[in-house]
Amino acid sequence: MDFSSKLLENAVYEISQLPGIGKRTALRLALHLLKQPKDQTSALSNSLLKLREEIKFCSNCHNISDVVLCEICANPKRDESIVCVVEDIRDVMAIENTGQYRGLYHVLGGRISPMEGVGPQNLTIDSLVNKSKEGIIKELIFALSSTMEGDTTNFYIYKQIEGMGLKTSTIARGIAVGDELEYADEVTLGRSILNRVPFENSLKLGSFKLK
């Protein structure tokens with residue numbers, strides 16, 4: 001792709017680094033921004049800079065937040081004895097949109113995937129295990145994607161907290177195997193939370209066997 005401007009070429013290159021954005025789409029976006037009022041483009045760039053420089057991660061659940069403790073964890077009406085374990089912040093948003101869950105969350109920051117070089121040490125599993133030892137949490141809901149990596153992560157965490165007397169459950173498989181949680185419709189996801197099943201049941205039916 002030939003550019004008449006190095007500045008335009010650089011902008012297209014940076015925009016194309018975003019997921020799902022190719023060079024042609026990046027070019028359309030860059031040209032669109034050029035047509036907009038300068039203050040609108042400045043507002044966009046400033047908001048992105050503030051996002052990158054000022055965003056925080058909740059000290060309790062690792063969700064993104066503007067303050068040290070996110071709004072969900074700081075809400076006294078939430079049930080702190082139930083913690084829903086998810087892969088990333090998009091899953092928190094998806095579950096919150098159902099309006100069916102009133103517990104807290106724990107954001108792992110991904111799932112165990114040896115093929116991608118992601119091990120337990122790269123996730124916030126240790127933080128979850130430490131919280132589980134405090135005696136406040138009574139139930140962990142595993143709400144990871146129903147993939148091999150998601151199931152492996154569930155099983156790893158289950159083994160780490162085994163013997164602590166915690167109830168463990170997993171969302172009902174109204175979510176198709178292999179589906180990403182964030183793409184599930186709100187009704188199906190809400191029912192999956194309400195109709196969650198003991199995690200041990202999924203172990204007996206799946207590829208992992210209890211010993």
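Strand 5 (residues 139-142) and strand 6 (residues 167-170) run parallel and are joined by four bridges, where strands are DSSP E runs of at least two residues and helices are H or I runs of at least four residues, both numbered from the N terminus, and where pairing requires at least two DSSP bridges between two strands. This is a predicted model, in which local features need pLDDT of at least 70 and side-chain atom pairs count only at pLDDT 80 or more, while totals for chains, interfaces and linings use all residues. Residues are numbered from 1 along each chain as its sequence is written, and side-chain values use heavy atoms, with hydrogens and water left out.

Strand 5 also pairs in the parallel sense with strand 3 (residues 79-86), again over four bridges. One bridge partner on each side is listed here.

| Residue | Bridge partner |
|---|---|
| Val83 | Leu140, in strand 5 |
| Glu139 | Lys167, in strand 6 |

Strand 5, helix 7 (residues 148-161) and strand 6 form a right-handed β-α-β unit, meaning that, with the strands pointing away from the viewer, the path from the first strand over the helix to the second runs clockwise.

Both faces of strand 5 are covered, with Glu139 and Ile141 on one side and Leu140 and Phe142 on the other all buried (under 20% relative accessible area, 1.4 Å probe, protein chains only). Leu140 is also among the residues that touch the most other members of the largest nonpolar core, which has 35 residues; such a core is a set of buried Ala, Val, Leu, Ile, Met, Phe, Trp, Tyr and Cys residues joined through side-chain atoms within 4.5 Å. Strand 3 gives the most to this core, with five residues.

Terms used: Buried means under 20% relative accessible area, exposed over 50%, partly exposed in between (1.4 Å probe, protein chains only).
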